[in-house]
Amino acid sequence: MIMVTGATGTVGREVVRLLVARGAEAGAVTRDPAARGFTDGARLIVGDPSRPQSLAPALDGVEALLLSPRAVDGASAQVLDLAAERGVRRVVVLSAVTVEYGGGYRRFAEEFERVETAARACGLQWTFLRCADFAANALAWAPQIRATGLARGVYGDAASSPVHQRDIAEIAVRALLDPDHAGCAYAITGPQSLTQHDRARLIGEAVGRKVAFEEVSPAVLRRALLAQGLPEDVPDRLIGYAAACLAAPGPTTDTVARLLGRPARTFATWAAEHAAAFRS
Ligand SMILES: NC(=O)c1ccc[n+]([C@@H]2O[C@H](COP(=O)([O-])OP(=O)(O)OC[C@H]3O[C@@H](n4cnc5c(N)ncnc54)[C@H](OP(=O)(O)O)[C@@H]3O)[C@@H](O)[C@H]2O)c1
């Protein structure tokens, strides 16, 4: 079985779906016993990766593990040691480009570095997926775009290459199933560097109405994101990385094309697929 932590998240959900589609046995871990919407054919594993022992009963027979740092919440070393003890062979870590390219507050890159260090030390074969900012982060704009046609954020000229969650998931599935990816760290980005203004415009084109980016102060954005119910660390993650991407654009790599043999999905594609979320 392939065990997927963070299985209700943006990337984890796609990974579960793709594993099932390939006929692999997928175990989807969630803290929520009432979790719904997983692809038929996946096994629901109720557990909290931040309390590693809650995963112990399900780890026997697991061949590879997708590790979501958000879901393990600081317990990565314990989860990985337990996985090694139970005979798991491979781990694929959802990491971040900041580990390799810098950008944003140092403490967030350090969180990912700690997870990578634990993976190198645990004895499993490891693959690191160092992801750029997800295209799906733009969903935080959905309520205000629906209500006003405006996308509010900081530093409108900050540019990076947002990555489609399905591209990350396809690479994750390959690395989970194929030991040839062991020892590789992949920097995964979208195909094109886009400012915040570009993203708002592309969402507008997908929705069929004008959407503009409106620059607000970091303090205003922080209040708005917290009022939306996003976790406390999210404002600093977004604001710090946007400030860095204003000073120097985030990286653009050819990893998706190289590994998957086709171009990376564009932000316009992502926006077209998610247009309903932005329509009033
Ligand atoms: N967003 C980005 O731009 C970006 C960029 C690079 C790397 N990453 C990393 O990629 C990974 C996957 O991101 P994602 O957006 O797919 O997943 P996510 O939604 O951030 O989190 C995955 C799952 O973790 C659990 N979770 C959320 N908050 C938690 C908390 N405070 N304590 C314990 N568990 C919690 C939830 O599962 P249950 O409630 O079902 O248990 C959630 O579905 C994350 O580790 C993230 O740090 C993200």
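Biologist: What makes this protein divide into domain 1 and domain 2?

Modeller: The bounds come from an automatic or database domain assignment, giving domain 1 (2-132 + 165-188) and domain 2 (136-160 + 191-251 + 265-278). Mind you, this is a predicted model: local features need pLDDT of at least 70, side-chain atom pairs count only at pLDDT 80 or more, and totals for chains, interfaces and linings use all residues. Residues are numbered from 1 along each chain as its sequence is written.

Biologist: How many residues from each domain take part in the contact?

Modeller: Domain 1 gives 12 residues and domain 2 gives 11; two residues are in contact if their C-beta atoms, placed from the backbone, lie within 7 Å.

Biologist: What makes Leu202 and Ile203 buried?

Modeller: Buried means 20 or more other C-beta atoms within 10 Å of a residue's own, with C-beta atoms placed from the backbone (exposed is 12 or fewer, partly exposed in between). Leu202 and Ile203 are among the H9 residues that count as buried.

Biologist: Why do the buried residues of H9 line one face?

Modeller: Down the axis they fall within an arc of 165°, so they line one face; the arc is that of the directions from the helix axis to the C-beta atoms.

Technical notes. Helix = DSSP H or I, 4+ residues; strand = E, 2+ residues; numbered from the N terminus.
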